[in-house]
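Dear colleague,

Please find below the structure that I am handing over to you. My notes on what was found in it follow.

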Amino acid sequence: MAGGADTGERLQKSSFDRLSSADQALVTAAAEARDKAYTPYSNHKVGSAVRTASGRLFSACNVEIVTLQQSVHAERNAVMQMAAAGERQIEAIVCHGPYSGVPCAECRQVIWEFCCDDPDVKIIGSTLDGEIELMTIGEIYPSPYGPGTKGIDPRKF
């Protein structure tokens with residue numbers, strides 16, 4: 001998870017106490033998930049939490065595998081838990097780690113899969129030193145390819 005130079009100018013900076021109580025709960029869940037990260041090779045611990053359109057929360061951490069190619073980022077693990085529970089629409093997602101919480105390209109694609117073509121799905125980046133970055137999936141992924149491209153609504157599956 002690393003933001004490019006062009007995304008930095010579009011991020012809205014905030015603080016935990018300025019977030020809604022629902023967003024504070026999401027950040028807290030992501031921070032707690034980070035504590036469970038399995039990162040023996042990089043020690044780069046990240047937690048994520050998803051809030052669905054129905055209000056349910058799912059949190060997860062990153063998991064590294066020795067070859068690193070099979071490692072899975074926290075955001076993808078949280079979204080997969082959401083999907084495994086039968087939920088299909090993301091309202092907001094938090095990425096909590098040591099620095100910028102801008103999701104990587106692979107995670108953006110997974111997040112978009114369950115945005116139901118809504119570019120305003122909220123992404124909250126949260127750092128260990130308390131910095132909060134607010135963005136939408138549409139801001140950081142302006143030309144997505146996803147289910148809507150094929151006429152598919154994830155909520156129907």
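What covers the buried residues of H3? Before the answer, please note that the model is a predicted one.

Helix H3 spans residues 74-84. Eight of its eleven residues are buried, so H3 is largely enclosed by the rest of the structure. The buried residues are Ala74, Glu75, Arg76, Asn77, Ala78, Val79, Met82 and Ala83. Their cover includes strand S2 (47-52), together with S3, S4 and H4. Just after the helix comes glycine 86, whose phi is positive, at about 90°.

In soluble globular proteins, nonpolar side chains tend to be buried together. The largest nonpolar core here contains 22 residues, and Val50, Val79, Met82, Ile90, Ile111 and Ile137 are those with the most contacts inside it. At least two residues of this core come from each of strand S3 (57-61), helix H3, strand S4 (90-97), helix H4 (105-113) and helix H5 (137-140). The greatest contribution is that of H3, which gives four residues. If neighbours within four places in sequence are left aside, valine 79 is in contact with Val50, Ile90, Ile93, Val110, Ile111 and Phe114. There is also a second, separate core of eleven residues, among them Ala30, Ala49, Ala92 and Leu134.

**The strands**

Seven of the eight residues of S4 are buried, so this strand is largely enclosed by the rest of the structure. Strand S4 pairs with S2 in the antiparallel sense over six bridges; in this pairing, serine 48 has cysteine 95 of S4 as its bridge partner. Six bridges also join S4 to S5, but these two strands run parallel. Here the bridge partner of alanine 92 is lysine 122 in S5.

Lysine 122 has a bridge partner in S6 as well, namely threonine 136. Strand S5 (residues 122-127) and S6 run antiparallel and are joined by five bridges. The two form a hairpin with four residues between them, and in the turn glycine 130 has a positive phi of about 90°. Strand S6 pairs also with strand S1 (residues 12-14), in the antiparallel sense and over three bridges. Serine 14 has isoleucine 132 as its bridge partner in S6.

Is strand S6 enclosed by the rest of the structure or open to the outside? Five of the five residues of S6 (residues 132-136) are buried, so the strand is largely enclosed. Both of its faces are covered: Ile132, Leu134 and Thr136 are buried on one side, and Glu133 and Met135 are buried on the other.

**The largest pocket**

Rolling a probe the size of a water molecule over the atoms shows where empty space is left. The largest pocket has a volume of about 220 Å³. Its lining is made up of 15 residues, with His44, Asn62, Glu64, Ser71 and His73 lying nearest its centre. By class, six of the lining residues are nonpolar, six are polar and three are charged.

Is alanine 105 buried or exposed? This residue, which lies in helix H4, has a relative accessibility of 58%; because the cut-off for exposed is over 50%, alanine 105 counts as exposed.

With kind regards

Key:
Residues numbered from 1 in each chain as written. Predicted model: local features only at pLDDT ≥ 70, side-chain atom pairs only at ≥ 80, totals over all residues. Heavy atoms only, no water. Buried < 20%, exposed > 50% of the residue type's maximum accessible area, 1.4 Å probe, protein only. Pairing = 2+ DSSP bridges. Core = buried A, V, L, I, M, F, W, Y, C linked by side-chain atoms within 4.5 Å. Contact = heavy atoms within 4.5 Å. 1 Å grid on protein atoms, 1.4 Å probe; cavity = no way out; pocket = protein on both sides within 12 Å on 5 of 7 lines; lining within 4 Å. Points joined across faces, edges and corners; volume = space filled by probe spheres on them. Nonpolar A, V, L, I, M, F, W, Y, C, P; charged D, E, K, R; others polar.
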